Amino acid sequence: MECLTTMPLGSDGGDGSNTNANAGVAVAEGQSETVAEEQAAGAGTSQNTTRTAAATTTIPYQLLKSSAFEPRSCRSVILQKLRVLTLMKRPMTEDYSSHDYNNYNATTSSAQPPSNFHSLASVINFDSQTLVRALGSLLIYLRNTAFRLEEGSTVTINSIRRCPASDSFLRLYETTLRTLRIFATEHHPLVANNNLKGRSYQKSKEGFSLFTLLDRTKSKAGKERLRQWMTQPLRDVDKIRQRHVGIELFLHQDSHPAASLLLQKLSDIGRCDAILLRMQRCCAQPNDFLQLGRMLDAAYAIVATLSGELREKAHKLDRDLNHQDMEDMGRGTQQQQYPSVTFIDELLQQCHVPVLRNLRERMASVIDEEVTAEVKDHCVINFGFHEELDSAKETFETLDETLSEVGRQVLAKHEELISLKVVFLPQVGFLVSIDKRQHAHDEATNSFPTIPDDFDFVFVQDDDAFFKNSDMNQLDEEIGDLDAFIKDTEALIVSDLEEDILECESELRSTFSALADL
C-alpha cells in the first residue's frame, strides 16, 4: 500500500483528472521543500540533526504516473486483471434464470455465470472512487513488480478481507512499545553487521521484554500471532472476554492432559505460508512435503482433541460455573451460557477437516516419506502408484545384470575383441566400452583398425573408448533412457501433487491461522 502515499487528496466525486495530472509533481515538490528545510535546520544546529533529516527521506515508496490513479483505468484493471481464488471457487447458490433483470437479460443469457463485476462487487465498493483508485493503482504497481511474471499480466490473490477498523484495537507507536519494554531488539555487537543491507534482522534478536516473558509458543506461527496481539491490543470488550475464556479453559486443572497433548502437537506446526509460497514459485524442496505432511497429521490430532475431550471438559466447566444465577443463565444466549464451548466451536469452524483428511491421504498415497527422508534430494514415489514408473524402476535395478549378459553376447559375436563392457550413460544411451590399450589406436583420427566395422566410435575417456553398434541401438529402443524417464515421471507426479495442494490453499491458511491462536 506504499504507492497510495502518492495519490492526491480529493473528494470521491468528480472526474479528478486535473488533480491527478499534478500528483507526481506535487509530491516531488513537497518532498524537496521538506528536505531543504531539514537540511537548512541541520546546518544551523548539528551534524546529527542533518543525518536524521537525511534518514527520513529514505522511506521506501514509488511514485506512479498520474494515469495510474484515473478512475476509469483503475476500474478496468480491477475488473480485468484481479483474480480472487475464493470468489472463483464459490459455488453458485442462486438460479439467476429465475430473476427478472430488465436491463441485464437484454445482453446476458440467464445460463451464464455471474460476471467478474458481480463477484468483485460483493467485497469491493465500486461506488467509492477513493477505494477504486487506491486498489487500481496498487494493482498496477503489483503487475509491474511481484506479479510481473504471471500469465496475462493478472494479479492472483487468495482472498479479500477487510482490515480491522482503526478503533477496534489500540494504536501503539514504536516509541511506546520500546519505552514500555513491550518489545526490545538487541542488535549484533558488531556494528558492521547491523549496517549491511538485508542482514540487520538476521543479526538481531529479541531482548528482555514483556514479549519474551509471555512467549511460551511452540510454533513460529504462534509466535507471530502473539506479537500481532501485543502490537495491536484489542479495544472490544467482548473479544477480550472471549480470549480470557479460552485462557481460563486451558489453565483449568481438568484440561491439563488435553492441553499438554495440544502443546506437543503444536510443536509440529511449521510455517504453512512459506511452504505454499515455495510451491507457487515452483521451488519446493522434498522436505517441504514431509513437513506439510507432519503439519497435517498434527492439525488433525489437534482438531480431534478440541472436538472430543476438550469440548467435553469445556461443556462441563461452563455448566459448573456460577457467574450468574440460574434465572439469568436460562435467559442468556448460547454464547453466554456456554462461553468455553463457543470458543472451541469458533476455532473448529475455521478448520476444514475433510479437506485436510483428503489432502493427507493424497500425499501419503503419492510420496514414500521414509525413503524421501533418506535420499533428501528428491521425492520418491510410492510403489504401486504409477505402473510404468514401477516397471522402469524394476528394470533399472536389474540393469547391471542385463548389461553383463548383453556384454557376454557381444563378446561372443566378435572373437577378435579381448574384453569389453556395456555401460549406460544418461542422455547418451548404451555404449560398448573397450580398453584402447588392448587395440591399435590412431590418436590423430581416433580410429581403431582392429575394431569391428559395425562399431561406431563415440568418444574416448582416459583409457576407455566408447562405441555404438546394432546391439546398443536395440537396447536404446527397447529400454531407453531409464534415468531420465524416471526423473521426469516423478517430477510430473510431484507437480500434480503441488497443484492439488495449492487448490486447497485457502483451507490450509484458514486452518493453520486458527491453530496459531492456540
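# Questions on a predicted model

Visitor: Over how many bridges do strand β7 and strand β8 pair?
Guide: In this predicted model, strand β7 covers residues 456–461 and strand β8 covers residues 464–468.

Visitor: Which residue in the turn of the β7 and β8 hairpin has a positive phi?
Guide: The hairpin has two residues between its strands.

Visitor: Which residue in β8 is the bridge partner of Val432?
Guide: Strand β6 spans residues 429–435 and pairs with β8 in the antiparallel sense over four bridges. The bridge partner of Val432 in β8 is Phe467.

Visitor: Which strands stand at the edges of the four-stranded sheet?
Guide: The sheet is open, with antiparallel pairing and the order β5-β6-β8-β7. An edge strand here has a single partner strand, so one side of it is left without a neighbour in the sheet. Neighbouring strands are turned by 35° against each other on average, direction ignored. The edge strands are β5 (421–425) and β7.

Visitor: At about what angle to β6 does helix α23 run?
Guide: Helix α23 is made of residues 470–478. The helix lies across β5, β6 and β8, and its angle to β6 is about 150°.

Visitor: Are helices α19 and α24 roughly parallel or roughly antiparallel?
Guide: The axes of α19 (residues 353–366) and α24 (residues 482–503) come within 11 Å and cross at roughly 175°. Angles over 145 degrees count as roughly antiparallel. Therefore the relation of α19 to α24 is roughly antiparallel.

Visitor: How many residues of the contact of α19 with α24 are charged?
Guide: From α19 come Leu359, Arg362, Met363 and Val366, which meet Ile493, Asp496, Leu497, Asp500 and Ile501 in α24. Six residues of this contact are nonpolar and no residue is polar, while the charged ones number three.

Visitor: What is the orientation of α24 and α25 to each other?
Guide: Helix α25 runs over residues 505–516, and its axis comes within 5 Å of the axis of α24. The axes cross at roughly 60°. The two helices are therefore oblique.

Visitor: How many residues of the contact of α24 with α25 are nonpolar?
Guide: On the α24 side the contact is made by Ile501, Leu502 and Glu503, and on the α25 side by Glu505, Glu507 and Leu508. Three of the contact residues are charged and none is polar, and the nonpolar count is three.

Visitor: Is Leu214 buried, partly exposed or exposed?
Guide: Leu214 lies in helix α10, residues 210–214. Not counting residues up to four places away in sequence, Leu214 touches Leu226 and Met230. Leu226 is twelve residues from Leu214 in sequence, and the two are 8.8 Å apart in space, C-alpha to C-alpha. The relative accessible area of Leu214 is 48%, which means it is partly exposed.

Visitor: Where is confidence lowest in the protein, and where is it highest?
Guide: The protein averages a pLDDT of 76, and 76% of the residues score at least 70. Over residues 1–57 pLDDT stays under 50, and over residues 91–111 it also stays under 50. The lowest confidence is in helix α1 (residues 17–21), at a mean of 36, and the highest, at 92, is in α19.

Note on methods
Residues are numbered from 1 along each chain as its sequence is written. This is a predicted model: local features need pLDDT of at least 70, side-chain atom pairs count only at pLDDT 80 or more; totals for chains, interfaces and linings use all residues. Side-chain values use heavy atoms; hydrogens and water are left out. Axes are lines fitted to C-alpha atoms, for helices over the stretch in contact, and angles run from 0 to 180 degrees between N-to-C directions. Angles under 35 degrees count as roughly parallel, over 145 as roughly antiparallel, 65 to 115 as roughly perpendicular and the rest as oblique. Contact means heavy atoms within 4.5 Å. Ala, Val, Leu, Ile, Met, Phe, Trp, Tyr, Cys and Pro count as nonpolar, Asp, Glu, Lys and Arg as charged, and the others, Gly among them, as polar. Two strands pair if DSSP finds at least two bridges between them. pLDDT is the predictor's confidence in each residue, from 0 to 100. Buried means under 20% relative accessible area, exposed over 50%, partly exposed in between (1.4 Å probe, protein chains only).
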